[in-house]
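Please keep the structure in view while reading the points below.

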Amino acid sequence: IHLNKNKKIYLFDIDNTLADTYHSFNYNYKSRRVRLSSLAVFLNMRQLIISLKKNKENKIIFLTARRFYDLWITKSWLKSIGIITDYFDIIIVDNPEEKYFLIKKILKKYKINISFIDDLSHNHENNNMQIYSIVKKVNKLPIKYFGYDQIHMINNNDLQDYDLDEYYFHN
């Protein structure tokens with residue numbers, strides 16, 4: 001990863017942050033690819049990302065826990081919702097813990113400002129949403145972490161100026 005220390009780095013999760021993913025588990029699809037390509041989008045989060053991308057000092061990177069072979073369909077889905085990105089700006093990891101270790105590694109190598117926007121939750125489809133335990137470690141990192149509560153507020157409120165910092169509070 002090549003990062004300019006003057007840029008603001010925004011690491012966005014996709015599933016249940018930008019994409020309304022958990023509802024898709026309640027339906028039968030021909031394939032995983034079809035399911036991922038048809039995900040609904042949270043319009044406020046989409047608009048927030050588009051707004052942040054307009055500032056050249058901002059770098060938007062999508063950090064998602066999916067299968068590596070989902071890279072093409074992930075990029076295609078982002079394009080279908082109006083977010084054009086390079087393959088290099090999509091990082092796929094196996095699980096949420098790897099997100100933490102990647103951020104930790106980036107922070108060790110670079111002195112940069114990172115905002116991490118990720119619900120770090122799972123099991124919504126079974127009406128028993130749970131937060132991954134890794135969130136405790138993420139909260140200790142020297143970053144701005146926007147978790148489930150902030151994401152829920154962004155996705156369910158009428159946003160006027162799409163200022164992410166308006167939703168920041170240390171967990």
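In this predicted model, the largest pocket has a volume of about 450 Å³. The structure also holds 5 salt bridges, several of which are described below together with the places of their partners.

**The largest pocket**
- The lining of the largest pocket is made by 25 residues, and those nearest its centre are Asp15, Asn16, Phe25, Ala65 and Tyr132.
- Sorted by class, this lining has 11 charged, 7 polar and 7 nonpolar residues.
- Helix H1, helix H4 (96-109) and strand E7 (121-122) each supply at least two residues of the lining, and H1 gives the most, with 3 residues.

**Salt bridges**
- Arg66 forms a salt bridge with Asp15, and the closest N and O atoms are 2.7 Å apart.
- Because Arg66 lies in the loop between strand E4 (58-65) and helix H3 (71-80), while Asp15 lies in the loop between strand E1 (8-12) and E2, the pair ties together parts that are 51 residues apart in sequence.
- Arg66 is buried, with a relative accessible area of 6%, and Asp15 also counts as buried, at 15% relative accessibility.
- Arg32 forms a salt bridge with Asp70, with 2.6 Å between the closest N and O atoms.
- Arg32 lies in helix H1 and Asp70 in the loop between E4 and H3, so this pair ties together parts that are 38 residues apart in sequence.

**A surface patch**
- Tyr27, Tyr29 and Val34 make a nonpolar surface patch of about 290 Å².
- Tyr27, which lies in the loop between strand E2 (19-20) and helix H1 (32-37), counts as exposed at 57% relative accessibility.

Key
Residues are numbered from 1 along each chain as its sequence is written. This is a predicted model: local features need pLDDT of at least 70, side-chain atom pairs count only at pLDDT 80 or more; totals for chains, interfaces and linings use all residues. Side-chain values use heavy atoms; hydrogens and water are left out. Patches are made of residues with over 30% relative accessible area and no salt bridge: like charges are joined within 9 Å, nonpolar side chains (Val, Leu, Ile, Met, Phe, Trp, Tyr) within 5 Å. Accessible areas come from the Shrake-Rupley method with a 1.4 Å probe; for residues, only the protein chains shown count as cover. A salt bridge is a side-chain nitrogen of Lys or Arg within 4 Å of a carboxyl oxygen of Asp or Glu. Helices (H or I, at least four residues) and strands (E, at least two) are DSSP runs, numbered from the N terminus. Buried means under 20% relative accessible area, exposed over 50%, partly exposed in between (1.4 Å probe, protein chains only). On a 1 Å grid over the protein atoms alone, a cavity is a set of points where a 1.4 Å probe fits but cannot get out, and a pocket is an open set with protein on both sides within 12 Å along at least five of seven lines; lining residues have an atom within 4 Å of a point. Grid points are joined across faces, edges and corners, and a volume is the space filled by probe spheres set on the points. Ala, Val, Leu, Ile, Met, Phe, Trp, Tyr, Cys and Pro count as nonpolar, Asp, Glu, Lys and Arg as charged, and the others, Gly among them, as polar.
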